[in-house]
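Reader: I would like to learn how to read pockets. Could you walk me through them?

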Amino acid sequence: MKIYNTLTKRKEEFIPLEEGKVKMYVCGPTVYNFIHIGNARPMIVFDTVRRYMEYKGYEVNYVSNFTDVDDKIIAKAIEEGVSAEEISTRYIKECKKDMADMNVKPATTHPLATQEIDGMIEMIQTLIDKGFAYEVNGTVYFRVKNFKEYGKLSHKNLEDLQSGFRSLQVSGEDQKEDPLDFVLWKPKKEGEPYWVSPWGEGRPGWHIECSVMSKKYLGEEIDIHAGGEDLIFPHHENEIAQSECCNGKTFARYWMHNAFLNIDNRKMSKSLGNFFTVREIGEKYDLQVLRFFMLNAHYRSPLNFSAELMESSKNALDRIITCADQLKRLTKSAQCEDMTEEEIKLTEEVQRYVKKYEEAMEDDFNTADAIASIFELVKFANTHGNGDSSKAFVQYLFDTIVKLSDVLGLLVDKEEEMLDEDVEKLIAERQAARKEKNFKRADEIRDQLAAMGIILKDTREGVQWKRA
Ligand code: AMP
Ligand code: ZN
């Protein structure tokens, strides 16, 4: 299996640190709002990497954080007149819901920055003790010039960086020894969350959290570290500096970065008004369509989001679903059980498509080519699976298509529709839960019904429902 490594700018054979195991860390979102479709790209892409690794038999320890202390969260909290914790708790919950709807598996661990402050203080202290960090007036900075390999990930030269930064020096930052030095700990400001530290009350810088959480949940050396390409510099460069100076070991072996998602060929931004949350897209489409759209491009290619591309993704995904549905029906109506000689021969052809699919995935996760192999298989199934086929043969075609789609996180085996009486039963249970003020259970039921495509409406006459 080959992975493009940002560190070496080459595709490299993947060799795990420990046989059969993968330790993987993916930088997660800052939770101050609903996630947007740009944030969804690394989630979908790296969830697919994980799924393929699992398909290959690896045991994957997948860690992805939530940044729950940050200027944007604090600003939002002030705007709403609530605590920063209330904001982050709310949007972590919403983010997890979007992830579930995109069929992104929960991480093995989803650590929260605010729960790991002790570890951050410890790492900062070690860096100070080793001469890689210093404190000035309650702020602790990382001393970049002492880490000779700084710039190795972003392929930037330390001297160029230094001269570039000198001219950009921001006022109030002159207490730094060097313009390149970055913050590990900052003193508290009025009204902000803070923690007690040896350098006074304050909060950690952003970069330190990932170094600490990666070490705690995966160890000092890991296999894969991933995120969007905007994180290469300075975030990942700084993570490497912190971790390698603290632990004296290579931090991560393979660095993977997804390219950006644009909208109508322009950078997505709130001010341009071309900004979509995952939730908004979910109102128009099944989020499986968004997942298909993302995976129909290579993760290192910039991707353009448009209404037309979503429509064509929907139609393409429907073709796989329709084929799986048809095969399922054929398994029920098949006249004979076992494969004929001719069908056994045809399974060899099916295996050729499976091999093509695997080769695409082994080549730095070329999901676009992998999807193309699934379509070849769909075409093959539509040609060779029919009313005369044996049950074993159509079942084999069905299982293969479902399995390959599943590795991409695409659910093509449509659930049997929920019966009306089961819907009514759940609605009654939800009403009872609300009466008992068990809102957690009530929300769970609403979400469960939503996942089945059942939409509830509370009216004066009671709860009404319809299918999406
Ligand atoms: P943030 O919450 O801004 O730290 O972003 C969380 C993740 O989403 C990071 O891995 C970012 O690189 C990634 N990301 C943000 N915007 C986009 C975008 N437009 N396209 C692709 N990835 C993005
Ligand atoms: Zn990070």
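Author: Gladly! On a 1 Å grid over the protein atoms alone, a pocket is an open set of points where a 1.4 Å probe fits, with protein on both sides within 12 Å along at least five of seven lines; lining residues have an atom within 4 Å of a point. Grid points are joined across faces, edges and corners, and a volume is the space filled by probe spheres set on the points. This is a predicted model, where totals for linings use all residues, while local features need pLDDT of at least 70 and side-chain atom pairs count only at pLDDT 80 or more. Residues are numbered from 1 along each chain as its sequence is written, chains are lettered from A and ligands numbered from 1 in the order in which they are written, and side-chain values use heavy atoms, without hydrogens and water.

Reader: What volume does the largest pocket have?

Author: About 2,300 Å³. Its lining has 43 residues, with Asp-101, Ala-450, Ala-451, Met-452 and Gly-453 nearest the centre.

Reader: Which element gives the largest share of that lining?

Author: Helices (H or I, at least four residues) and strands (E, at least two) are DSSP runs, numbered from the N terminus. Here α15 leads with eight residues.

Reader: How do the residues of the lining of the largest pocket divide?

Author: Ala, Val, Leu, Ile, Met, Phe, Trp, Tyr, Cys and Pro count as nonpolar, Asp, Glu, Lys and Arg as charged, and the others, Gly among them, as polar. This lining has 16 nonpolar, five polar and 22 charged residues.

Reader: And what lies nearest the centre of the second largest pocket?

Author: Pro-29, Thr-30, His-36, Asn-39 and Asp-230. The second largest pocket holds about 1,000 Å³ of space, and its lining divides into 22 nonpolar, 15 polar and six charged residues.
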